[in-house]
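Here are my notes on the model you sent. They are set out as numbered points, to be read beside the sequence and the structure.

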Amino acid sequence: TSVASLATYFRYTHAISYERLVGLFWAVFHLEISEGALASLLERVKRQLEGTTTAILERLRRSRLVCSDETSARVDGRNQWEWVFQNDEVCLHVIRPSRGALVIADTMGTHRPRVWVSDLYSSQKHHPAHQWQVCLAHQLRDCQYGMDAGDTLFAPRMKAVLLRAFVIHKRRERLADSTLYHYRCGLRRRLEAALNLHPTHPHGVRLQKRYAALKEHLFLFLEDASIPPTNNQSERDLRMSKIFRKVTNGFRSNWGRDLFAAVRSVVNTGKRHGFNAFEAITKALS
């Protein structure tokens, strides 16, 4: 188990190649192991992790809140997509050939979370949840882009509304319920005032149409403290995946793809419960 844990840890958290792993095990542990033996070892690790990833999936399917994002992956020379579904308790990674909404449906099964947090990508709009919190970090960037592109009316006004929401969120623990309610009402009045403007710049017109359609999904986090205002944690959970792709150029097989997703699920779920990457892998394998 210790060799399997170390090989998995070095390979999938430090992106160390098979060739370098062979040299590392010999130089540090005086353990002679071939690249083929490492591949066989990691195939066994994949089977050992199936129980843990199934438990993570089952817990996800009981969750009240789910945050989701996706990024590109390279498998056998073709583009695929790595999805993450996470909250404060679990984190599930899956890599699929599709970026479509069917991946969400297949992952969540019949479960309907209370709240979904994501960006505005079309597949994410087809989430199964009762409520939807739009990631405001993405919206701030889009408003800034509109300002940089030349909109001097709507984009700066909308950006100010979003920044005001972040300020209220940061101070909410120190606010009485009545004060928080007053702030929420004031924020919605500011939003309506921005939506009543008459921008002429194309980016201002585009953003105004967007937020007129999304206004019910912008500030749920001010009504429920458990809802995050951004989907930044999902992006952080996917960061290692981007690094791994740049270092290794992706995966040569589906089993390698699925093993990577399983390891990232174990590591990122373990992190939520106070385990470092090596501890999480060792615990899952033992």
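How many salt bridges does the count come to by the rule used here? The rule takes a salt bridge as a side-chain nitrogen of Lys or Arg within 4 Å of a carboxyl oxygen of Asp or Glu, and the count comes to 10.

1. Basis of these notes. This is a predicted model, in which local features need pLDDT of at least 70 and side-chain atom pairs count only at pLDDT 80 or more, while totals for chains, interfaces and linings use all residues. Residues are numbered from 1 along each chain as its sequence is written, and side-chain values use heavy atoms, with hydrogens and water left out.

2. Overall make-up. The protein chain has 11 helices and 5 strands; these are DSSP runs numbered from the N terminus, with helices (H or I) of at least four residues and strands (E) of at least two. Along the principal axes, its C-alpha atoms fill a box of roughly 70 × 40 × 35 Å. Of the 286 residues, 48% are buried, where buried means under 20% relative accessible area, exposed means over 50%, and partly exposed lies in between (1.4 Å probe, protein chains only). Contact means heavy atoms within 4.5 Å. Among contacts between residues at least 6 apart in sequence, 63% join residues at least 24 apart.

3. Arginine 141 and glutamate 235 form a salt bridge through their side chains, at 3.8 Å from N to O. The pair links distant parts of the chain, since arginine 141 is in helix α5 (residues 136-149) and glutamate 235 is in helix α9 (residues 232-248), 94 residues apart. Arginine 141 counts as partly exposed at 45% relative accessibility, and glutamate 235 is partly exposed at 29%. A further salt bridge joins the side chains of aspartate 142 and arginine 210, with N to O at 2.6 Å. Aspartate 142 lies in helix α5 and arginine 210 in helix α8 (residues 202-214), so this pair ties together parts that are 68 residues apart in sequence. Aspartate 142 is partly exposed, at 25%.

4. A salt bridge between sequence neighbours. The side chains of arginine 257 and aspartate 258 meet at 2.9 Å, N to O. Arginine 257 counts as buried at 9% relative accessibility, whereas aspartate 258 is partly exposed at 26%.

5. Helix α3. This helix covers residues 35-60, and its 26 residues should span 38 Å at 1.5 Å a residue; the end C-alpha atoms are 35 Å apart, which agrees. The expected span is 1.5 Å times one less than the number of residues. At glutamate 50, α3 bends by about 40°, the bend being the angle between axes fitted to the seven residues ending there and the seven starting there. The buried residues of α3 include Leu38, Leu41, Leu42, Val45, Leu49 and Ile56. An α-helix has 3.6 residues a turn, so residues three or four places apart point the same way.

6. The sheet. Five strands form an open sheet in the order β3-β2-β1-β4-β5, with mixed pairing; two strands pair if DSSP finds at least two bridges between them. The edges are β3 (91-96) and β5 (131-134), each with a single partner strand, so one side of each is left without a neighbour in the sheet. On average, neighbouring strands are turned by 25° against each other, direction ignored. Strand β2 (residues 78-86) runs antiparallel to β3 and is joined to it by 6 bridges. Tryptophan 83 stands opposite valine 94 in β3. Helix α3 packs on the sheet, touching β1 (65-75), β2 and β3, and its direction makes about 110° with that of β3. Axes here are lines fitted to C-alpha atoms, for helices over the stretch in contact, and angles run from 0 to 180 degrees between N-to-C directions.

7. Positive phi values. Most residues other than glycine have a negative phi. Alanine 15 has a phi near 55° and is found in the loop between α1 (2-13) and α2 (18-29); alanine 15 counts as buried at 7%. Asparagine 249 has a phi near 65° and lies in the loop between α9 and α10 (254-271); asparagine 249 counts as exposed at 61%.

8. Phenylalanine 251. This residue is found in the loop between α9 and α10 and is buried, with a relative accessible area of 11%. Not counting residues up to four places away in sequence, phenylalanine 251 touches residues including Arg74, Ile95, Phe244, Arg257 and Phe260.
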